[in-house]
Every structure is written in C-alpha cells, then in structure tokens.
Amino acid sequence: MSSKPIPSLMDPAVQVCPYAAYKQLRDEAPVYFDPLTKSWVVTRYEDIKAIALDTTRFSNETHQLLATRRDAPGAAAIARMFAEEGYVTPHVLVNSDPPRHRRYRGVVDKAFSPARIRQIESYIETVADELIDRFSARGHAEFLSEFAVPLPMLVIADQLGVPRAKSEDFKRWSDSLIGAANVGNDEATQLAHTRNIIQMQNYFAAEIDKILKEPRSCILNDIANAQNEDGALMSIEERLSITQQVLVAGNETTTNTLGQAMVYLIQNGLEERLRGDPQSIPRFVEEALRLTAPLQGLPRLVTEDVELHGQKIPKGSVVWLRWAAANRDEQAFNRPEEMVLDRPNQTQHVTFGYGIHFCVGNQLARAELRVGFRRLVARLRNLALDGVDA
C-alpha cells in the first residue's frame with residue numbers, strides 16, 4: 001500500500017501526465033470518489049468494460065459533455081445564449097441511450113464503414129503526400145501544425161462536404177466542443193467556448209439548409225436528410241448535435257494520436273523497422289492508440305444505487321470510465337507501459353470505447369494513422385525530435 005495520498009484528476013501534475021496516478025488508483029482505489037470533481041473514477045480494464053456494456057444502470061445521458069452542462073460556471077447565462085443565439089442540442093450518439101442511440105448511429109454508420117474507408121485510402125494518401133510536399137525539402141517541420149492537425153481536419157472537411165478553407169474554424173470549434181467539458185473552466189473560458197460553439201451551430205445550420213435545396217454527395221448530406229421513424233426530418237437540433245460529434249470525432253483524437261505516435265516512433269527507434277516492414281505499421285498504430293488514448297475517459301450517470309469493489313455509488317452519481325487507465329492495466333496487458341509491436345492482444349484496447357458506443361469513426365482514424373505513417377517513413381529519413389535527445 002502506497003503512503004502517498006490518493007490523487008485527484010484535477011491535480012495539475014496529474015493532468016500533465018496521469019499514468020502514475022492511474023496505476024495508484026488501479027492498485028489501491030479502483031473505484032474512487034474524487035472530492036474535487038465530486039465524481040467517481042473507475043480505472044481497471046474489466047470494470048470499465050462491464051460498466052460500458054451496462055447502459056441500464058450506467059446511462060450516457062450525463063449532461064457532462066455539453067457546454068450547457070448543469071454544473072458549468074455561468075450555466076444560466078450560457079443556457080440563455082444557446083436559446084437566443086444558437087440551438088439547445090439534445091443527447092445523440094455518444095451521449096444517448098438505447099433505443100434512441102441506434103436511430104442516431106444509423107445516420108452515420110454507413111459513412112464510416114470499413115468498406116467505405118477502404119475506398120478512400122488512396123485519397124487519404126494523396127492528402128498526406130500534399131502535406132509532406134510542403135516541408136520535405138526543408139528538412140524540418142513543426143509536426144503538429146504541419147501534419148498532425150491538417151491531415152484529419154482536411155479529410156473530415158472533405159467528407160462532410162464543406163470547404164477546406166474553413167479548416168481553422170473547424171479546429172477552433174472542435175477545441176471548444178472538447179474544452180467545454182473541462183470541469184476546471186472558469187466562467188470566462190466557458191463563455192468563450194459557448195460563443196465558438198454557437199458560431200459553429202449557425203454555420204452548419206446554414207449548410208444543412210443549402211444541402212436540402214441542393215443535395216451533395218457527402219456525410220453532411222446524410223445528416224441533413226436524417227429522418228425519424230415517421231419519415232419526418234429529425235429536428236435541426238438533433239442534426240446539429242450529430243454534426244458536431246462527427247466533426248470532433250473526425251479530427252481531434254486523431255491529431256493527438258499522430259503527434260504522440262511520432263514521439264513513440266522516434267523514442268523507440270522504429271523508423272527503419274516500419275520502413276523495411278510496412279506490414280508492421282498497423283501494429284505500431286494499435287500500440288500508439290493504446291498508449292496514447294487521446295480521449296482519456298468518458299462519464300456515465302448512475303441510474304440506481306450500485307456497489308463495486310465495496311464502494312457504494314449512489315443513484316445520480318457521475319462515474320468516469322478512464323479508458324487510458326484501462327489500456328495500461330497490468331491484468332489486461334503484459335508490459336503495459338511499453339510499445340510492443342508483436343503484442344498478441346493489441347487490438348483489445350479501449351481507446352475507442354467499448355460496447356454500443358464504440359467510436360463510429362474508429363476505422364477512419366486507423367486509416368489516417370496507418371496511411372499517414374506509411375507515407376512519412378516512405379518519404380522522410382532520419383526522423384528526430386528537434387533539439388531534444390530522443
């Protein structure tokens with residue numbers, strides 16, 4: 001038993017690098033009430049999978065992932081802003097429960113199917129090469145801004161059917177959609193995120209209106225024409241909520257994984273291996289996904305009193321499933337802190353979630369990572385961190 005106090009996920013040192021804290025929680029307090037966030041934290045692999053499958057007792061409709069969340073600073077003012085200037089979006093996809101979840105999922109499943117992603121791999125390769133062309137002769141690059149951010153952002157913009165020229169706005173809007181869920185925000189920060197989200201809502205509402213008049217072949221066309229069981233169009237609020245989740249899922253987490261995976265590649269001296277054996281690139285991608293877990297966790301709302309590992313979790317509590325902690329659980333993965341390309345169960349990580357909410361965009365993310373690193377190692381040599389001893 002450690003003599004150190006149990007850490008809070010709000011501790012700045014934990015937020016910089018949470019993995020030591022995750023290990024302590026797995027070992028000493030696998031179900032822990034964090035007094036700062038006033039929520040429960042679950043960190044063991046098997047527990048997290050079991051909870052993710054139990055949508056009856058652990059609801060996805062938590063009100064934790066929206067800028068309108070009830071505990072947000074300035075919540076009343078923010079609610080008025082959405083009502084008067086934007087749209088109050090409902091729970092869909094990642095924050096909805098059965099049976100409604102299946103209806104929303106059906107809107108985007110086909111667009112992100114394995115068959116559809118295989119069809120666009122050559123197109124992703126073209127985008128990757130266009131980006132590499134911009135810096136390959138220079139001999140150095142700011143990898144995040146010149147490759148990791150634009151690759152998934154350009155791809156999702158093209159797939160949504162909106163102009164690439166809006167990419168900077170898409171990035172800003174995506175950052176705010178993620179940032180609004182941070183329980184550490186002050187009121188000014190929350191209001192700034194809200195303004196960005198409302199700007200995004202109004203932009204996509206106008207695009208949806210244009211598409212209904214002049215159809216396009218794109219994901220946004222599918223969303224614009226999404227119907228309820230009675231054949232009527234879904235509400236504009238529902239369609240906007242689906243759109244904003246697709247926008248975030250299509251770029252933010254892939255950007256983070258691309259950046260961290262490049263660090264892993266360099267630190268583990270894998271450049272020559274990946275270049276000489278391209279078949280090892282998918283295995284490298286899976287290990288990078290497992291170790292990075294760019295979406296560290298997601299919340300669930302407890303719908304009835306639950307007991308887990310001797311802890312009584314009252315109805316109405318919020319439980320955070322820490323995917324990143326589960327991915328480094330020694331009971332699930334041997335040598336969990338290491339990148340092991342021949343790991344036998346490497347695809348069993350929970351980076352994309354588990355159960356009915358398994359990330360709909362996982363095939364696109366994997367393709368972007370796989371194709372991106374295939375082109376990077378094929379075209380570049382002597383990859384190194386600038387000014388850092390890798």
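Visitor: Hi! Where is histidine 309 found?

Guide: Histidine 309 is in the loop between strand S5 (306-308) and strand S6 (311-313). Strands (E, at least two residues) and helices (H or I, at least four) are DSSP runs, numbered from the N terminus.

Visitor: Before we go on, what sort of model is this?

Guide: This is a predicted model, where local features need pLDDT of at least 70, side-chain atom pairs count only at pLDDT 80 or more, and totals for chains, interfaces and linings use all residues. Residues are numbered from 1 along each chain as its sequence is written, and side-chain values use heavy atoms, with hydrogens and water left out.

Visitor: Thanks. Back to histidine 309: is its phi positive or negative?

Guide: Histidine 309 has a positive phi of about 50°, although it is not a glycine. Most residues other than glycine have a negative phi, and most peptide bonds are trans.

Visitor: And why does histidine 309 count as partly exposed?

Guide: Because its relative accessible area is 43%. Buried means under 20%, exposed over 50%, and partly exposed in between, using a 1.4 Å probe and protein chains only.

Visitor: What about peptide bonds, where is a cis one?

Guide: Look at proline 98 and proline 99, which are joined by a cis peptide bond with omega about 0°. Proline 99 lies in the loop between helix H4 (75-85) and helix H5 (100-109).

Visitor: New topic! Which residues touch the most other members of the largest nonpolar core?

Guide: Phe147, Phe204, Ile242, Phe284 and Phe373 do, in a core of 84 residues. Helix H11 (residues 187-213) gives the most to this core, with nine residues. A nonpolar core is a set of buried Ala, Val, Leu, Ile, Met, Phe, Trp, Tyr and Cys residues joined through side-chain atoms within 4.5 Å.

Visitor: So what does isoleucine 242 touch?

Guide: Leaving out residues up to four places away in sequence, isoleucine 242 touches Val92, Leu93, Tyr104, Val107, Val108, Ile223 and Met234. Contact here means heavy atoms within 4.5 Å.

Visitor: Which helix holds threonine 243?

Guide: Threonine 243 lies in helix H13 (residues 236-249). With 1% relative accessibility, threonine 243 counts as buried. Not counting residues up to four places away, threonine 243 touches Phe204, Ile208, Leu220 and Ile223.

Visitor: How far apart are isoleucine 223 and isoleucine 208?

Guide: In sequence they are 15 residues apart, and in space 8.2 Å, C-alpha to C-alpha.

Visitor: Let's do helices. At what angle do H16 and H18 cross?

Guide: The axes of H16 (residues 281-292) and H18 (residues 362-379) cross at roughly 120° and come within 9 Å. Axes are lines fitted to C-alpha atoms, for helices over the stretch in contact, and angles run from 0 to 180 degrees between N-to-C directions. H16 and H18 are therefore oblique to each other. Angles under 35 degrees count as roughly parallel, over 145 as roughly antiparallel, 65 to 115 as roughly perpendicular and the rest as oblique.

Visitor: Which residues make that contact?

Guide: Including Phe284 and Leu289 of H16, and Leu369 and Phe373 of H18.

Visitor: And how do H7 and H18 pack?

Guide: Helix H7 (residues 121-133) and H18 pack at an angle of about 45°, with their axes 9 Å apart. That makes H7 oblique to H18.

Visitor: Last one: how many disulfides are there?

Guide: Zero, in a search of the whole structure. A disulfide is counted as a pair of cysteine sulfur atoms within 2.5 Å. Cysteine 359, for instance, is in no disulfide, and the nearest cysteine sulfur, that of cysteine 218, is 20 Å away.
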